[in-house]
Amino acid sequence: MAISAEIKEKLASKQSSMIRAMFEAGQELKKQFGQDAVFDFSLGNPDLQPPQEVLDAIGDVFREEIPGCHGYMTNAGYETTRAAIARKVSAEQGCPVSAKNVVMSCGAAGGLNTVFRGILNPGDEILVSAPFFAEYAQYCGNYGGKLVPVDCREDFSPDIEAMERAITDKTVAVIVNSPNNPTGAVYSDADMVGLVQVLKRTGRNLWLIADEPYRDILYDGAKVATLFDKYSHSVIVSSFAKNFGLPGERLGFVAVNPVAKEDGDELVAAVIFATRSLGFVNAPAFFQRVIEKAVDAKTDFSVYEKRRAALMKILDDCGFEYLRPKGAFYIFCKVPDGGDDVEFCDLLKSHRILAVPGVAFGKRGYFRLAYCVSEQVIVSSEKAFKEVAATLNVGN
Ligand SMILES: Cc1ncc(COP(=O)(O)O)c(C=O)c1O
């Protein structure tokens, strides 16, 4: 009787903790074989230093002595920080957003939880294109909601027709994640227009939630589609975890499209209420002040681009199949010969390569490699990948 039956069941389910389990297995292997002999592609934990403007802002905020700067604030966050985020979102979306449409959150994860808390009644459904960031299912479940995965097209783009068929009278929202974890796909503007047409056809003002923590990490000229100009009931959730390399500082935000008018105001009020009632109280004060100063900073993602190229070269040489990722720092590869993803990741692990099986993202037959690791790790992993390919006779 010590813990809830539901949590007990979740803790026992292997799937819910697969990424962490792989990461922890990696820590063990590193102890056993040494840091350099383990090729850990399991976790999306960015290793790039934040941009210089952010580091300078950390120093400036540290030295500033503003009375009350460590105190509580309004649950939505500092007005001035919200105004800075509103400017950023206005520029990205190409339409005016004001501070009152923005709520600061504890990372994108905290932001999603406050939005889900704000919109879900027990039994309500949220659609997502699969594969997807597995935590969405937990976040929905936290409030009695259900995540409904809809299998993507072959090229990892959302299957708009299948999404339309998946809408029921319980559906309250669709969540899109572009650039995508785990595929690295960037959804096209045409697909977002198609999705919006589907939502409009329902006549029900379903929410369109864009989870965008990888928004700035783009390659090959890819662009993230705007949504506020396309659909009134749209919400952007983002953070500075991946874009600025600050995952541990837990700063993110929720921006609600002002065109949603009263519904939007109500959602902002609900998100603010949830920030308080879920016990976040407010987003971290120090980093709100940092980000207010450095919101326009740019991270140099050419480092990830080089790593992506190095990893793709190894995969090509080994004959592994994948689609060239256009954003984020993941490659989602096919398990050779239609094999089982969990067994294949075990095989990789026996060669000291750590990857996450597709089942952890709702898509069997694939494995995810996170290349936010040093180029040295990637280059040194070549021999191990080649051994695995030889074992399976890949490409022959
Ligand atoms: C798609 C996606 N959404 C949300 C998050 C959570 O991000 P944050 O650290 O900002 O809470 C992650 C983290 O890996 C993610 O991959």
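This note goes through some helix contacts and a few single residues of the predicted model.

1. Basis of the note. The model is predicted, so that local features need pLDDT of at least 70 and side-chain atom pairs count only at pLDDT 80 or more, while totals for chains, interfaces and linings use all residues. Residues are numbered from 1 along each chain as its sequence is written, and side-chain values use heavy atoms, with hydrogens and water left out. Helices (H or I, at least four residues) and strands (E, at least two) are DSSP runs, numbered from the N terminus.

2. Helices H2 and H12. The axes of H2 (residues 18-33) and H12 (residues 341-350) come within 12 Å and cross at roughly 15°, the axes being lines fitted to C-alpha atoms, for helices over the stretch in contact, with angles that run from 0 to 180 degrees between N-to-C directions. That makes H2 roughly parallel to H12 (angles under 35 degrees count as roughly parallel, over 145 as roughly antiparallel, 65 to 115 as roughly perpendicular and the rest as oblique). Met18, Met22, Ala25 and Leu29 of H2 make the contact with Val342, Cys345 and Lys349 of H12, where contact means heavy atoms within 4.5 Å. By class, this contact of H2 with H12 has six nonpolar, no polar and one charged residues (Ala, Val, Leu, Ile, Met, Phe, Trp, Tyr, Cys and Pro count as nonpolar, Asp, Glu, Lys and Arg as charged, and the others, Gly among them, as polar).

3. The two sides of H12. Asp341, Phe344, Cys345 and Leu348 are buried in H12, where buried means under 20% relative accessible area, exposed over 50%, and partly exposed in between (1.4 Å probe, protein chains only). They cover an arc of only 100° around the axis, which puts them on the same side of H12; the arc is that of the directions from the helix axis to the C-beta atoms. Glu343 and Ser350 are exposed on the other side of H12. The partners against which the buried residues of H12 pack are H2, strand S10 (353-354), strand S11 (356-357), strand S12 (366-370) and helix H14 (382-392).

4. Helix H14. In H14 the buried residues are Ala384, Phe385, Val388 and Ala389. Because they cover an arc of only 140° around the axis, they lie on the same side of H14, whereas the face turned away from that buried side carries the exposed residues Lys383 and Ala390. The buried residues of H14 pack against S1, helix H11 (302-318), H12, S10 and S12. Just after H14, Asn393 takes a positive phi of about 60°.

5. Helices H4 and H10. The axes of H4 (residues 79-93) and H10 (residues 285-294) come within 9 Å and cross at roughly 40°, which makes H4 oblique to H10. Thr80, Thr81, Ala84 and Ile85 of H4 make this contact with Gln288, Arg289, Ile291 and Glu292 of H10, and these residues divide into three nonpolar, three polar and two charged.

6. Two single residues. Arg82 is found in helix H4, and it counts as buried because its relative accessible area is 7%. Leaving aside its neighbours within four places in sequence, Arg82 is in contact with Ala76, Gly77, Ala99, Lys100, Val102 and Met104. Gln35, by contrast, lies in the loop between H2 and strand S1 (39-40) and counts as exposed, at 55% relative accessibility. The C-alpha atoms of Gln35 and Val377 are separated by 9.6 Å, although these residues are 342 residues apart along the chain.
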